[in-house]
Structure formats: structure tokens, C-alpha cells
Amino acid sequence: MKTWLERQRHLIDFTLASLARRKTRNLGLVAVFALLVFVLASVMLFTHALRHEAKAVLRDSPEIILQRLVAGRHDLIPPGYLDTIGRIRGVQSKQGRLWGYYYDAVVKANYTFMVPPEGGIEPGTIVVGPALERERGIAENNGISFRSYNGQLFAFTVARVLPRASELVSADLVLMNEADFRAFFKYPADHYTDIALSVANPLEVRNVANKLANALPDSRPILRDEVQRTYASMFDWREGLMLALLSAAILAFAILAWEKASGLSAEEKREIGILKAVGWETGDVIKMKLWEGGLVSLTAFLLGYVAAYVQVFHCHAPLFEPVLRGWSVIYPRFELAPVIDGLQVATLFFFTVFPYMAAILVPIWRAAVTDPDAVMRA
Amino acid sequence: MIELRDVRKVFNEGQHNEYAALSGITLTIEPHRVTALRGPSGSGKTTLLTLIGCLARPTSGRVSLHGRDISGLPERFLTEIRRKTFGFVFQQFNLIKGMSALENIMLPAYPTGRPHKELKLRAASLLERLRLSHRGGAKVEWLSGGEQQRVAIARALINDPEVLIADEPTANLDTALAREFLALLESFGQEGRAVILTSHDPLVVESAAVHRVVDMRDGMVVTR
């Protein structure tokens with residue numbers, strides 16, 4: 001065992017010395033390879049963190065949202081629907097919601113106006129999201145006016161600004177009193193935008209949705225799971241789009257790394273011949289070169305991954321954020337919770353380090369099995 | 001000690017460029033003696049050295065070491081015998097550039113798994129014996145031809161081999177350095193090592209340090 005360990009130590013010593021002797025080539029390889037890992041890991045880490053964030057946010061959302069459709073378009077919920085739902089078994093609670101969009105010509109952005117289900121907002125006041133605070137330069141107790149769709153001007157006082165922690169979903173939010181909302185949008189009394197339902201038994205959600213669709217045929221129940229899936233697909237799609245856009249560059253770098261890694265120089269072949277002639281076994285030579293490849297690819301993988309982590313979670317992913325997060329005039333500013341998916345790391349490792357090792361193995365094996373007498377004739 | 005019986009070595013066998021480098025060599029190499037293989041270029045001296053030193057296998061015939069037939073052994077066993085029994089000094093020295101003299105000397109001992117400290121001490125003592133201690137840390141490409149040869153000799157001795165094999169050892173040396181090499185040869189003989197070398201340099205083959213000269217021509221031994 002001790003002899004085996006010493007042998008490995010000698011091999012590693014020789015490998016490190018060998019890497020140092022070809023500094024420029026190996027540093028170039030590490031740089032190209034690390035860049036490749038950096039790009040892939042950045043996209044993966046960012047989209048995974050976004051998916052995680054969206055999931056966390058949606059965790060507290062209602063199990064079912066019921067919308068009414070007219071000619072396939074979203075329409076207001078008329079009076080009586082809440083009573084009909086009340087008779088469906090399995091529904092724990094139901095709540096008519098009021099919300100809508102408002103286009104602010106001043107900053108050329110859309111806001112979401114909403115009446116919070118728990119109420120608690122005084123008439124004439126609003127609670128705004130952090131992006132609105134930023135874009136319109138407003139703060140608590142400031143006055144702000146919005147012109148409604150019929151041209152009437154409404155003035156409000158900002159009672160509070162929502163915390164930044166919730167910015168992913170509250171960036172463009174304007175919360176107001178129900179009476180103010182109905183007056184601003186000229187919303188008919190007892191009509192709602194949609195209905196939020198909670199279901200006691202999670203296994204019953206789909207059954208309740210079917211009962212709702214039967215009882216109210218002009219309505220569309222939207223399940224929380226479906227929303228989560230839609231978000232996941234949207235981020236998957238963006239991740240795919242980003243990777244497709246980068247594929248040419250990724251491929252070019254991959255080919256460069258492959259080409260550099262898989263070619264043995266005449267000097268390296270000569271060295272292998274010398275080592276064999278002085279008593280190294282073919283296995284020793286292959287092990288030494290595998291150590292070399294392993295050190296290069298692992299160093300590059302770690303460098304690339306750590307750089308991607310720093311870029312995504314500490315520098316807010318300036319390189320990929322605009323594409324991966326979405327397109328909007330008002331961008332939410334939020335801190336992504338650093339999440340690493342083990343499977344994702346393993347996948348990236350498998351598709352970067354393994355091809356590299358495969359690339360170096362064949363030429364090394366070919367050089368290592370040549371007869372050692374060749375060195376006598378050099 | 002080393003016995004060759006009717007040894008043939010054919011390159012590119014069965015192809016249009018088939019070439020017989022050695023034909024029917026029968027030879028015995030004695031221990032503790034310096035044997036020189038002499039002959040013109042293409043006479044098969046180097047090929048014979050590669051067979052004796054387990055760097056290659058014969059096409060036919062037998063090579064035995066201490067009475068054990070080694071001509072048909074798999075590569076792994078041949079490598080082990082090569083490492084333990086033979087030390088090589090190549091014509092072009094074949095040192096690894098970018099590494100120090102000391103590191104080059106230690107290379108053949110790495111697969112043995114001997115402790116690093118022990119190897120370093122052994123390499124340093126060999127350098128001292130060859131009056132090269134002051135150049136131990138120098139990269140080999142910075143050394144003169146004579147110094148490089150001494151590093152190559154030290155490397156050949158690191159595993160304390162019974163047999164030292166040297167291919168044209170004085171081909172790249174001037175007369176003074178060649179004489180120095182001959183002095184070393186004598187000391188190896190006195191230590192009980194066998195030395196087998198190829199040379200057509202009269203300074204070497206006619207030297208008192210060489211106990212026996214084997215003449216070769218066209219892949220055959222002409223005098224023993």
C-alpha cells in the first residue's frame with residue numbers, strides 16, 4: 001500500500017512538473033475550457049435559481065384560480081358565481097379578486113393594480129412595488145396621480161412601499177382600496193376579475209377543478225401546478241434559447257479544447273518513449289497523462305463553475321440576465337437565492353470533463369503502446 | 001549471464017519492405033565484464049542492444065537472463081526486468097528537457113515506489129560520484145555535452161542495475177571526455193556490473209577498460 005501511494009505521489013509530482021514545463025499551452029487550455037464551463041454553468045445556475053424563486057413565490061398562491069371566458073377571452077366574473085362555488089364539495093375557501101393593468105405613459109410601463117384580499121388600505125392611498133418607487137422617484141407619503149382610461153385624474157398618497165425581498169412578483173404592483181379600484185376602472189359592482197380558491201386536500205384539486213368546469217361551463221380553472229409548470233417551461237425555453245444562441249461559440253471553444261487536448265506534440269511523444277525505455281510501464285504513462293488531463297479539466301471546471309456562481313449570485317448575472325429573466329420595461333431587481341442542483345452539476349461535469357478525458361486518452365494510449373526501442377533509434 | 005541463441009530480428013515482417021536486422025546471433029555475455037559491440041553502421045549493433053536490454057523481443061531464437069528465457073515474456077514483465085536489471089545510456093542521452101538534472105536521474109525509480117527522500121539522496125550521491133553535484137538543480141538543456149552524458153549515466157545507475165547498456169557513448173564527446181568515460185567504465189567493472197556498449201570509436205574498443213570486443217557485420221557476429 002505504501003509503495004502504491006509513493007508511486008502515485010511520484011506520478012503526481014512528475015505530472016505537476018510536466019504541466020509547469022508546458023505552461024503556456026496548459027494555461028491556454030484551462031482558460032478556454034473554464035470559459036466553456038463558465039458560460040454553460042451561468043445559464044444553468046441562473047435559470048435554476050429563477051425556477052426555484054418562482055416555485056417559492058407560487059407556494060403561497062391559491063390552488064385554483066377561476067376565470068370566466070367570453071369568446072375565448074378573459075371576462076369579468078358576474079355576481080352569483082361565488083355562491084355556486086360555495087356548494088361544491090372540497091372547496092375550503094373562495095375569494096373574488098380585483099386586479100387589472102394600467103399603462104403609465106410617463107415611464108412607458110405597465111403596472112398591475114390590485115386590491116389585496118386582506119384589505120387594510122385606506123381610501124385615497126396606495127401601496128407600491130419597489131420598481132415603481134425607483135422609476136417614478138416616489139417615496140412614502142408622496143402624492144401621485146394616475147389618469148384613468150376614461151380620462152379622469154385620480155390622486156393618491158403613497159402609504160407604503162413593498163419590501164424588496166418580494167420584488168420578483170411585486171416590482172410593478174400598485175395596491176389600493178376596493179372602492180378606489182372600482183371607481184378608477186369603472187368596475188361594475190359585485191363583479192370580480194377572477195376567483196381564488198383553496199382546496200383542503202391537495203389530491204382533490206383536479207377533481208374540484210372538474211366540478212367547477214361542470215358547474216360553471218363558461219369558466220376556466222387554472223391550477224397552481226399548471227402555473228408552476230408554465231413558469232418552469234418558460235425558463236426552460238429561455239435557457240434553451242440562450243444555449244442555442246451561444247451554441248456556435250460553445251462549439252467553437254469545444255472544438256478548440258478538443259483539438260488542443262487530443263494532439264500530442266512530438267516532444268511529448270519523445271518523452272513517453274524515454275519514460276518507457278527507462279522502465280515505466282504503459283500503465284504508468286497512461287496514469288500520468290490521465291492525472292495531467294484530470295488536473296487540467298478539474299481546475300478548469302472548478303474555475304468556470306465558481307466564476308459562474310460569482311457572476312450569477314454576486315454580480316447579478318450581467319451577461320445573461322436580460323435574456324434569461326425576461327423582457328420588460330420595469331425590470332424587477334431581486335436577490336436570487338444561491339441554489340445549486342447536484343444533478344445539474346453532475347450533468348455539466350459529465351458533459352465537459354468526461355469528453356476531455358476521452359479526447360486525451362486515445363492519443364496517449366497510442367503513444368504509450370509503441371515499442372520502447374524506438375527511443376534508441378531517435 | 002545473458003545468453004542469446006540463434007536470435008533473429010526482422011522488421012516489417014511479411015511486407016514488401018521486410019528487413020532482417022539480425023540473423024542467427026548466438027552469443028554469451030559474461031557478468032562483471034565490459035563487452036563492446038563493434039561494427040559499421042547498419043551492422044545490427046543497436047538492434048542487438050535493444051534485444052539484450054529487453055527493449056524489444058526477437059522474431060525468433062531465445063534470449064535468456066540468468067538461465068531464464070525472457071524472449072517470450074509479456075511487456076509488463078519485460079519492463080520490470082528492464083527496470084531492475086538494466087541501466088541505459090542512449091547515444092543522444094534522451095534527457096527530458098525542462099527538468100533538472102536531479103529530477104531526470106530519479107525518473108527510472110518512480111515506478112518502483114521507493115520513498116522520494118531516499119531517491120533524492122541516491123540521486124545526489126550519484127551526482128557527487130560523477131562530480132556534478134553543483135549542477136543538480138540545473139535544467140538539463142543548460143548542461144554541456146559531457147555533463148549531459150554524466151546525468152544520463154547517473155540516471156542509468158539510479159536503480160542499481162546489474163548491467164549497464166550504452167549505445168555509442170562517446171559519439172558526442174571529445175577525446176578528453178571520452179577518456180573520462182572510459183575511466184568510469186573501469187569503475188563499473190570493478191563494482192561487479194556488466195557493461196555492454198556499441199562503438200566504432202578505436203579509443204573505446206582498443207581501451208584496456210573493454211574486456212571483450214564482438215565484431216558484427218550485416219546482422220551477424222563475425223568474431224567473438
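**Close-up views of a predicted two-chain model**

View 1. Look for B:Gly113 in the loop that links α3 (101-106) to α4 (116-129) of chain B. Leaving aside residues up to four places away in sequence, B:Gly113 touches A:Thr3, A:Trp4, A:Glu6 and A:Arg7.

**View 2. Chains A and B meet.** Here 27 residues of chain A are in contact with 28 residues of chain B. On the chain A side, the elements giving two or more residues are α1 (2-21), α9 (266-277) and α10 (282-313). Of these, α1(A) gives the most, with 10 residues. By residue type, the side of chain A that touches chain B has 13 nonpolar, four polar and 10 charged residues.

**View 3. An open sheet of six strands lies in chain B.** Follow the strands in the order β6-β7-β8-β3-β9-β10, and you will find that the pairing is mixed. At the edges stand β6 (86-89) and β10 (220-223) of chain B; each has a single partner strand, so one side of each is left without a neighbour in the sheet. On average, and with direction ignored, neighbouring strands of this sheet are turned by 25 degrees against each other.

**View 4. Strands β3 and β8 of chain B pair, and a helix lies across them.** The two strands, β3 (residues 34-38) and β8 (residues 194-198) of chain B, run in the parallel sense and share four bridges. Helix α1 (residues 45-52) of chain B lies across β3, β7 (163-167), β8 and β9 (212-217) of that chain. Relative to β8(B), this helix runs at about 150 degrees.

**View 5. A:Val37 belongs to the largest nonpolar core.** This core has 107 residues, and A:Val37 and B:Ala154 are those with the most contacts inside it. Helix α2 (residues 23-58) of chain A gives the most to this core, with 16 residues. Around A:Val37 you can trace contacts to A:Ala300, A:Phe301, A:Gly304, A:Tyr305, A:Leu348 and A:Thr352, with residues up to four places away in sequence not counted. A second, separate core has 33 residues, among them A:Tyr111, A:Ile126, A:Val174 and A:Val199.

Terms used:
Residues are numbered from 1 along each chain as its sequence is written. Chains are lettered from A and ligands numbered from 1 in the order in which they are written. This is a predicted model: local features need pLDDT of at least 70, side-chain atom pairs count only at pLDDT 80 or more; totals for chains, interfaces and linings use all residues. Two strands pair if DSSP finds at least two bridges between them. Axes are lines fitted to C-alpha atoms, for helices over the stretch in contact, and angles run from 0 to 180 degrees between N-to-C directions. Two residues are in contact if their C-beta atoms, placed from the backbone, lie within 7 Å. A nonpolar core is a set of buried Ala, Val, Leu, Ile, Met, Phe, Trp, Tyr and Cys residues joined through C-beta atoms within 7 Å. A residue is buried if 20 or more other C-beta atoms lie within 10 Å of its own, exposed if 12 or fewer, and partly exposed in between; C-beta atoms are placed from the backbone. Ala, Val, Leu, Ile, Met, Phe, Trp, Tyr, Cys and Pro count as nonpolar, Asp, Glu, Lys and Arg as charged, and the others, Gly among them, as polar.
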